[in-house]
Amino acid sequence: EQVNVTFICNTGDVRLVGGTTQFEGRLEVCVDNIWGTVCDDGWDNTDATVACYQLGYYYGGQAEVFGPGTGPVFLTDLQCDISHYSLFQCGGSGDTGTCTHNDDAGVICNPALALMEVSVSGASVEGQPLNITCFVYVTNDFELLEFEFLYENELVLDGTRTRTSVTVQGNYVIGSLSFDPALQSDSGDYECSVSVNITNYGSVLSNSTTINVEV
């Protein structure tokens with residue numbers, strides 16, 4: 001039996017697409033499990049900063065263009081201010097009828113802590129090994145990583161990671177679950193979240209990432 005892996009898109013989720021680094025790209029938002037874009041009418045650096053904050057980048061952002069996307073255009077004429085922590089709090093006209101994908105908004109975020117990514121590896125049949133690994137890309141000097149790994153909203157693994165070398169920028173594996181053999185009872189939603197104590201800044205919490213695994 002094959003293992004089907006589906007990344008879950010929930011209303012309010014945001015992502016960057018089409019950039020040369022993970023800190024930049026066309027901004028896409030999720031509504032009702034569908035990814036769409038944001039129109040750049042009225043789009044400015046304050047809107048971009050809120051988008052970056054929502055993505056887990058806490059040092060601001062700049063409005064930019066990264067080419068046209070696909071799907072619906074969900075948001076336009078946003079009116080964000082620095083008190084907002086989500087684009088969906090920013091209001092706007094709601095009328096995207098005059099927007100095309102040539103008007104898709106993009107951002108360049110100033111990185112402190114990148115989003116987690118969850119990867120799945122192993123044989124794609126029941127009864128064979130399966131590994132689920134959560135890692136974070138850190139660009140700033142940090143003192144401590146704290147992470148939680150949840151299965152169906154129940155904590156299954158947590159712990160800490162400290163900086164182990166003078167090379168700070170890079171991927172840090174913060175948790176890994178191994179199943180050998182993988183059984184149908186291992187199917188379900190796995191969620192990873194992490195907070196990082198950034199040197200000379202304090203503790204920041206990154207967005208969580210969820211992956212659905214079916215064995």
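This is a predicted model: local features need pLDDT of at least 70, side-chain atom pairs count only at pLDDT 80 or more; totals for chains, interfaces and linings use all residues.
Is Glu-28 buried or exposed in this structure? With a relative accessibility of 5%, Glu-28 counts as buried, because the cut-off for that word is a relative accessible area under 20%.

The chain has 215 residues, and 42% of them count as buried. Its secondary structure consists of 1 helix and 15 strands. If we take the contacts between residues at least 6 apart in sequence, 66% of them join residues that are at least 24 apart. The accessible surface of the chain comes to about 10400 Å², and carbon and sulfur atoms account for 46% of that surface.

Let us now come back to Glu-28, which takes part in salt bridges with two arginines. The side chain of Glu-28 meets that of Arg-15 in a salt bridge, with a distance of 2.9 Å from N to O. This pair links distant parts of the chain, since Arg-15 belongs to strand E2 (residues 14–18) while Glu-28 belongs to strand E3 (residues 24–31), and the two residues are 13 apart. Taken together, Arg-15, Arg-26 and Glu-28 are linked in a network of salt bridges, and the count of salt bridges comes to 2.

Leaving aside residues up to four places away in sequence, Leu-87 touches a number of other residues, among them Val-14, Leu-27, Val-29, Trp-43, Val-50, Gln-54 and Leu-75. Thr-49 lies 38 residues from Leu-87 along the chain, and the C-alpha atoms of the two are separated by 9.8 Å.

Of the residues that Leu-87 touches, Gln-54 deserves a separate look. Gln-54 lies in helix H1 (residues 45–55) and, with a relative accessible area of 9%, is buried. A polar atom of the Gln-54 side chain lies 3.0 Å from the backbone nitrogen of Leu-87.

The last stop concerns aromatic rings, for which a search of the whole structure finds 2 pairs. In one of them, the rings of Tyr-151 and Tyr-190 have centres 4.8 Å apart and planes at 40°, so this pair is described as tilted. Tyr-151 lies in strand E10 (residues 142–151) and Tyr-190 in strand E13 (residues 188–198), which means that the pair ties together parts of the chain 39 residues apart in sequence. How accessible is each of these two tyrosines? Tyr-151, at 23% relative accessibility, counts as partly exposed, while Tyr-190, at 2%, counts as buried. Phe-179 belongs to this picture as well, for ring pairs link Tyr-151, Phe-179 and Tyr-190 into a cluster.

Key: Residues are numbered from 1 along each chain as its sequence is written. Side-chain values use heavy atoms; hydrogens and water are left out. A salt bridge is a side-chain nitrogen of Lys or Arg within 4 Å of a carboxyl oxygen of Asp or Glu. Helices (H or I, at least four residues) and strands (E, at least two) are DSSP runs, numbered from the N terminus. Buried means under 20% relative accessible area, exposed over 50%, partly exposed in between (1.4 Å probe, protein chains only). Contact means heavy atoms within 4.5 Å. Accessible areas come from the Shrake-Rupley method with a 1.4 Å probe; for residues, only the protein chains shown count as cover. Rings of Phe, Tyr and Trp (its six-membered ring) pair if their centres lie within 6.5 Å; planes under 30 degrees apart count as stacked, over 60 as edge-to-face and the rest as tilted. A polar contact is a pair of N or O atoms within 3.5 Å; within protein, one must be able to donate a hydrogen and the other to accept it, and residues adjacent in sequence count only if both atoms are side-chain atoms.
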